[in-house]
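Here is a short briefing for a first look at this structure. Keep the view open while reading the points below.

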Amino acid sequence: MRHFLDFEKPIAELEGQIEELRRTTDAGGIDVADEIGKLRDKAEKLLASTYAKLTPWQKAQVARHPDRPKCLAYIAGLIEDFTPLAGDRAFADDQAMVGGLGRFRGRPVMVLGIEKGTDTDSRIKHNFGSPRPEGYRKARRLMDLAGRFNLPILSFVDTAGAFPGVEAEARGQAEAIARSIEACLEAPVPFVATIIGEGGSGGAIAIAAADRVLMLEHSIYSVISPEGCASILWRDAAQAPTAAEALRLTAEDLKKLNLVDIVVPEPMGGAHREAAAVVADVGNRIEACLNPLMELDGATLRARRREKFLEMGRTGIV
């Protein structure tokens with residue numbers, strides 16, 4: 001059964017009526033094709049008008065949609081011969097951070113990503129997409145491995161943020177994230193990152209400080225979640241919609257600020273409505289970004305990456 005967000009309730013009612021009419025046709029052989037067609041047209045127009053004026057808070061809800069394609073869906077759709085690599089060689093294997101070797105359209109690559117899970121069991125397994133320190137240390141290990149074997153790095157980001165538990169802090173969460181960001185910036189190979197859902201805080205930047213950063217149209221990318229920001233500034237999580245507006249966390253805003261390079265359009269109603277098509281489109285755009293980067297040597301890649309992120313700071317200060 002399709003999941004509908006709060007602001008999609010009128011659309012849900014229309015699609016429910018369409019489904020009911022279809023069942024009536026199947027059960028009694030009554031021809032209601034014309035009525036179904038009219039309702040479908042009405043639902044499509046309502047969907048288009050709704051998604052044409054989404055607020056930042058509504059976009060945050062779409063980015064978190066439970067049916068939205070997750071990291072493993074992109075790996076399954078784009079990476080052939082994927083071989084997972086586990087562990088940080090120090091403490092444990094973090095299931096929220098996935099990574100390994102594979103082929104992207106015939107080219108050997110290193111893949112990294114944060115997986116949220118798609119049902120209760122998988123969400124628990126992947127810690128709801130919030131990596132612990134060992135996850136970021138695994139990411140750093142795999143990026144170092146990619147550099148040694150001259151493998152381009154592809155990352156898929158979807159996290160509300162790093163795990164905030166006491167045990168994570170005790171094991172050096174901040175240091176692990178900082179070292180992962182450092183590994184991104186120092187990687188001597190092409191690096192393309194894609195924000196596929198939520199890009200939350202340093203937990204997202206840790207695998208997204210790349211040569212090219214793609215972002216899906218209804219994804220979000222921010223230093224803090226709207227709820228977290230509202231709790232700090234107003235001590236009221238109900239102010240999350242106001243915080244979302246102020247944070248400038250949408251793809252449109254971030255492209256204007258030159259914090260992401262490419263915004264990938266989504267189907268009307270969000271990526272979850274046509275997941276396979278979205279995965280394929282993301283693959284095309286990754287390939288278009290990757291090809292020119294493959295012509296550059298490691299020193300040039302590092303220098304350009306460094307300058308790219310320093311320029312963000314200069315622009316922000318001005």
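In this predicted model, helix 4 (residues 71–78) and helix 13 (residues 275–293) have axes that come within 10 Å. They cross at roughly 70°. Angles of 65 to 115 degrees count as roughly perpendicular, so helix 4 is roughly perpendicular to helix 13.

**Helix 4 and helix 13**

- Helix 4 passes helix 13 in a right-handed crossing.
- On the helix 4 side, the contact is made by A73, Y74, G77 and L78.
- Helix 13 contributes V278, V279, V282, G283 and I286.
- By class, this contact of helix 4 with helix 13 has seven nonpolar and two polar residues. It has no charged residues.

**Helix 6 and helix 8**

- The axes of helix 6 (residues 133–148) and helix 8 (residues 173–186) come within 8 Å. Their crossing angle is roughly 20°.
- Angles under 35 degrees count as roughly parallel, so helix 6 is roughly parallel to helix 8.
- The crossing of helix 6 past helix 8 is left-handed.
- From helix 6, the residues that meet helix 8 are P133, Y136, R137, A139, R140, M143 and D144.
- They meet Q173, E175, A176, I177, R179, S180, E182, A183 and C184 in helix 8.
- The residues of this contact of helix 6 with helix 8 divide into eight nonpolar, two polar and six charged.

**D211, in a loop**

- D211 sits in the loop between helix 9 (201–205) and strand 6 (212–216).
- Its relative accessibility is 5%. Buried means under 20%, so D211 counts as buried.
- The side chains of D211 and R305 are joined by a polar contact of 2.9 Å.
- Leaving aside neighbours within four places in sequence, D211 is in contact with V189, P190, F191, D261, L293, L301, R305 and K308.

**E217, in another loop**

- E217 lies between strand 6 and strand 7 (220–222), in the loop.
- E217 has 26% relative accessibility.
- The side chain of E217 reaches the backbone nitrogen of E266 at 2.8 Å.
- Apart from neighbours within four places in sequence, E217 is in contact with K59, A251, V263, V264, P265 and E266.
- T50 is 167 residues from E217 along the chain. The C-alpha atoms of E217 and T50 are separated by 15 Å.

Methods
Residues are numbered from 1 along each chain as its sequence is written. This is a predicted model: local features need pLDDT of at least 70, side-chain atom pairs count only at pLDDT 80 or more; totals for chains, interfaces and linings use all residues. Side-chain values use heavy atoms; hydrogens and water are left out. Helices (H or I, at least four residues) and strands (E, at least two) are DSSP runs, numbered from the N terminus. Buried means under 20% relative accessible area, exposed over 50%, partly exposed in between (1.4 Å probe, protein chains only). A polar contact is a pair of N or O atoms within 3.5 Å; within protein, one must be able to donate a hydrogen and the other to accept it, and residues adjacent in sequence count only if both atoms are side-chain atoms. Contact means heavy atoms within 4.5 Å. Axes are lines fitted to C-alpha atoms, for helices over the stretch in contact, and angles run from 0 to 180 degrees between N-to-C directions. Angles under 35 degrees count as roughly parallel, over 145 as roughly antiparallel, 65 to 115 as roughly perpendicular and the rest as oblique. A crossing is left-handed if the near helix is turned anticlockwise from the far one by less than a right angle, and right-handed if clockwise. Ala, Val, Leu, Ile, Met, Phe, Trp, Tyr, Cys and Pro count as nonpolar, Asp, Glu, Lys and Arg as charged, and the others, Gly among them, as polar.
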